[in-house]
Amino acid sequence: MLTNKIIPQEKGIDHTLKLLKEGYLFIPNRVKAYQSSIFETRLLGKKVICISGKHAAKLFYNEELFQRKGALPKRIQKTLFGVNAIQTMDDERHRHRRLFFLDLLNEAGQKRLVSITKIKWQMALRRWQATDEIVLLDEVKYILCEAVCEWAGVPLGQSEVKRRADDFYAMVNAIGAVGPKYWQGKRARTRTEACIKGLIEEVRTGKRHIVPHLALYQAATYKDLEGNVLDVQMAAIELINLLRPIIAISIFITFTALALYEHEDSKEKLGQGDERDLEMFVQEVRRYYPFAPFLGAIVRKNFIWRGCKFKKGTLVLIDIYGTNHNEDIWNAPYVFRPERFKDQGAHVFDFIPQGGGNLVTGHRCPGEGITIELMKVSLDFLIHKMKFDIPKQDLSYSLTNIPSSPRSGLIIRNIQPKY
Ligand code: HEM
């Protein structure tokens, strides 16, 4: 077997600034330049191997070769995910922690969240009729925040909705940030953890009564492999790992509205709201528009892949954005075409907007199903239940800001229900 293939190496001492500058395109630009789905660079002073494409994703999700412990920078843990949470776990402990998410996001759990969200959309639509215009991204954040808090049993007064939703969003917004956006995310996490910790303590001490199937109760009583409840901080972090990403779906929903505007022909094909058509449309939104750029894992033991050496302890990044726009997988990847999902199969490693691999045992996003369902409900509202105008505004989005979203937040005007 060929074992000494040279991995293309980016010259220079460190390329962190280039990563910040190029954002979603950092890996795809180099894959193109080196004509190679694997290359080596240096980030934050360390050697990093970047890989892209379906076969690379299959490699990345091989848990015998990769671990998550040690892969996530502390600054991302301190804002987006919480310190030492599920994203950093491996093996038995990880699979056990995942049950907390998978059980709550089962079919019944998803259905209940979808029905609550529908009601919140209807209430919002009534409110919007009395206003001149709204910023869709903000309003959807509030809809989803109200819905998920109700679903989880987390109390939320009307006057707290905006603040709570903005805090959840600030954590997401801090992901690729340095400077003020990072600090906003960090402060938002401190506030949110304090609030959720208080609620968990109330459930544990019997001060707050709550039905057992709700997420707040489950977080307060979930037991680890040794049969111990999580310490209150970790219980809060994992409950936030369930709530926060629901608010993040507002970005995909805003991109869905943008897709309706930018791709009139696809909109017409949506017809009468056939479930399958709605699903193909939202799948294409998740593929076409940027969200998560890449993911990291650490090499567990030395191995050779396609003749290239991977040394134990090396950080490896899998290219999410580039894989979802890879020409070997997707015909005309930069064309928005929902029908491409008509005959595509299981998408274990080729379509990875929310990670890949096995849903039960791996790290693949446990919220993928509910993300698709909430996007479908919202698409149905946007297209079949309301009329509105889109005034002139800056609808562009950046491929260098992570996470990206339409710059204007998508302003809509003259909102009326469709009867
Ligand atoms: C806004 C849409 C979403 C995007 C773009 C997204 C993206 C991702 C990605 C890329 C991963 C990493 C997969 C990996 O490490 O291999 C992930 C993991 C995760 N997601 Fe999502 N996600 C979304 C929505 C959700 C929702 C709605 C939930 C829960 C309600 C959720 C909960 C999680 C959790 C708990 C993990 C960690 C899984 C693990 O490490 O085992 N996500 N997500």
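Predicted model: local features only at pLDDT ≥ 70, side-chain atom pairs only at ≥ 80, totals over all residues.
I started at one pair: Leu 43 has Lys 46 as its bridge partner in strand 2. (Strands here are DSSP E runs of at least two residues, helices are H or I runs of at least four, both numbered from the N terminus.)

Residues are numbered from 1 along each chain as its sequence is written.

Next I looked at the hairpin of strand 1 and strand 2. Two residues sit between the strands, and Leu 44 has a positive phi near 45 degrees. Strand 1 and strand 2 (residues 46-52) run antiparallel, joined by six bridges. (Two strands pair if DSSP finds at least two bridges between them.)

Which strand pairs with strand 2 in the parallel sense? I found strand 8 (residues 315-319), with five bridges. Cys 50 is opposite Leu 317 of strand 8.

Last, I checked the ligand. I see 25 residues around it, and the closest are Pro 245, Gly 355, His 363, Cys 365 and Gly 367. (A residue is near if its C-beta atom, placed from the backbone, lies within 6 Å.) Helix 5 (91-104), helix 11 (232-262) and helix 15 (368-385) each give two or more residues to this shell. Helix 11 gives the largest share, seven residues.
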